[in-house]
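My entries follow the structure below.

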Amino acid sequence: MLAPAEFLRDVVIHPEFQGRIIDWLKPWRLKTYVDILIVVDTEISISPSNSFGIASVIELLRSTQVGCMKFRVDIALRNTDPFTVVPTPTATQAKYRGFRFNSTSGGADVIAKYEQIWCFGFKPGNTGNTSDVPIDAASALPASVAELNKLDQWMKDRQGGLFGTGDHHFLGASMCRKIPRLGTMRRWTNADGVPPIGGPNRIDTLRPPPPVANFQAGGPSFLSNGAHQGDLTVQPIRWVTWQSAYWAFGLRKKRPHPVLCHPTLGPINVMPDHAHEGLCVPSPNLAANKKFKSELEYPAATDGGSKPAPEIIAYGSNLGSDSWNFDPSKGAQAARSNNPMIAVYDGHRAGVGRVATDSTWHHWMDVNINAIRAADNDDWKKISRYFINLAVWLNPPGFSTKCLYLSVAASHFESVGFQEFHPGASTLELGRALHVHLTRLYGPCWVTERIWEAVFELKQIPARNLIDLGKRFAGTSITSEDFEEMALGKMVEATMKSADALKGGQANAFKVLAEPEKLFAKPLAQAMAALSKDMSQQMKLDSLVAKSFKPVRK
């Protein structure tokens with residue numbers, strides 16, 4: 001855990017107040033670093049000198065800050081070496097060699113140090129074998145039952161977040177296909193129906209560079225992976241609505257899942273393209289047992305509601321051979337518009353960690369993103385934000401909300417606090433000012449998710465009721481944003497008196513703030529009560545208006 005002096009270095013506050021705030025927040029021992037372990041088969045490079053790897057993503061994670069949150073990344077190589085630990089690895093060096101999920105160091109489980117584990121699997125290799133036998137061959141280093149049990153326990157005890165991906169055929173299956181939830185959210189094997197590298201059933205998402213013209217009418221002879229997977233032309237993706245809200249005249253505002261939400265550019269609607277991708281699974285069997293022991297793959301909700309299930313948050317598409325000539329070695333393919341591309345599972349309601357998966361690691365590979373990254377255009381800003389959003393979303397409960405709590409406290413000493421927070425302001429005025437401030441800094445999806453996470457974590461509403469609440473929003477002119485402003489206003493009021501005393505330098509007039517979980521539980525409860533009352537009144541009013549309305553006769 002970090003003392004206030006440590007995490008306040010990441011908040012822009014006038015130096016005059018720095019020392020006072022450290023005293024003010026003494027009980028807030030927050031951890032603002034997230035530790036991520038990236039596990040790779042050795043075929044996937046971690047060095048910038050080899051473009052068939054993820055060095056750019058690793059560098060991006062290490063250099064990015066979201067709110068008060070930063071990311072520390074260690075790399076583990078899954079190979080045949082004896083297990084070794086490098087105490088101070090370089091930026092492009094693995095900390096662990098010969099890694100297994102049940103590896104120990106100093107008598108402790110290695111994975112216990114991490115909030116998240118990201119898996120990029122390659123084995124059993126790019127063989128095109130129609131049999132799945134190679135997946136479990138000893139040379140492919142398949143995840144053992146002992147490893148899977150250790151990882152399964154980490155997902156329960158730590159509620160750690162896990163991401164994993166492979167590519168077409170059975171690439172990555174040896175490491176990933178039996179991992180709880182991950183193994184059923186994505187197609188990993190021939191038996192699963194994973195797309196092959198060639199033939200009509202492959203998923204070739206390559207897009208031609210502009211000007212867009214029929215290649216058969218005089219352009220290049222075919223869409224080639226070598227020529228086109230690393231250019232600046234990206235593939236469009238279709239994001240799925242995660243949240244919608246009433247707007248004027250019957251219109252609705254829609255948002256994607258937070259993983260696909262850019263703070264300023266809107267929905268993340270592009271990905272790098274590639275000549276053969278995998279697929280996610282739209283509706284896994286929620287009643288199935290794990291692949292390594294007799295226990296349900298998907299646990300029941302801890303609050304008695306419906307069982308949490310994975311969801312597809314983005315679909316890809318591919319061009320058909322009627323319009324384009326593809327690499328002759330891969331043959332023709334049909335056009336498809338609904339290829340499940342990104343899947344997520346929110347396990348927090350079930351007492352386990354979150355999980356995410358992608359149809360292919362080519363969305364992440366240097367060979368696919370280097371040119372886009374160098375251009376630093378809007379496409380790169382969106383694609384790179386997808387990586388960062390995953391790192392925020394996969395956190396165990398409590399990690400991401402800590403930055404919301406700190407942002408509320410710090411706001412008293414930023415421009416919004418000095419200009420907008422005053423005793424005569426109403427709760428909604430305070431909340432609206434802070435909502436605008438935080439949205440400008442972190443984007444609307446960050447604000448929404450942090451507030452609703454706090455409501456759930458502080459047990460102000462059973463998670464099973466959140467879906468019902470969303471349906472009730474649909475029947476009124478009240479939006480989620482209205483509640484967010486009320487909640488933030490209540491949180492500002494809970495800290496205002498003490499903050500004002502601190503601003504005035506009244507050393508004896510202010511008290512240190514209670515731990516945030518205690519400090520903000522009551523304000524959020526008050527906001528929930530106000531929301532319930534307003535929604536009931538609004539529904540009655542809407543019903544009365546509907547009954548009294550008389551259509552104009554023609």
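**Entry 1: strands.** I began with strand S18 and strand S19 (residues 355-358), which pair in the antiparallel sense over four bridges. The model is a predicted one, in which local features need pLDDT of at least 70, side-chain atom pairs count only at pLDDT 80 or more, and totals for chains, interfaces and linings use all residues. Residues are numbered from 1 along each chain as its sequence is written, and side-chain values use heavy atoms, with hydrogens and water left out. I took strands (E, at least two residues) and helices (H or I, at least four) as DSSP runs numbered from the N terminus; two strands pair if DSSP finds at least two bridges between them.

Tyr 345 stands opposite Val 355 in S19. I then looked up strand S17 (residues 311-318), which pairs with S18 in the antiparallel sense over six bridges. Asn 318 has Arg 336 in S18 as its bridge partner.

Is S18 enclosed or open? Seven of the 10 residues of S18 (residues 336-345) are buried, so this strand is largely enclosed by the rest of the structure. Buried means under 20% relative accessible area, exposed over 50%, and partly exposed in between (1.4 Å probe, protein chains only).

**Entry 2: His 276.** I found His 276 in the loop between strand S16 (270-271) and S17. His 276 counts as buried because its relative accessibility is 8%. Its side chain makes a polar contact with the side chain of His 168 (3.2 Å), and also with that of His 274 (3.2 Å). A polar contact is a pair of N or O atoms within 3.5 Å; within protein, one must be able to donate a hydrogen and the other to accept it, and residues adjacent in sequence count only if both atoms are side-chain atoms.

**Entry 3: cavities.** I noted four cavities of 30 Å³ or more in a search of the whole structure. A cavity is a set of points, on a 1 Å grid over the protein atoms alone, where a 1.4 Å probe fits but cannot get out; lining residues have an atom within 4 Å of a point. Grid points are joined across faces, edges and corners, and a volume is the space filled by probe spheres set on the points.

The largest cavity holds about 140 Å³ of space. Its lining has 16 residues, with Pro 258, Cys 261, Arg 385, Asn 389 and Trp 446 nearest its centre. Strand S14 (261-262), helix H9 (378-393) and helix H13 (444-457) are the elements that each give two or more residues to this lining.

Technical notes. On a 1 Å grid over the protein atoms alone, a cavity is a set of points where a 1.4 Å probe fits but cannot get out, and a pocket is an open set with protein on both sides within 12 Å along at least five of seven lines; lining residues have an atom within 4 Å of a point.
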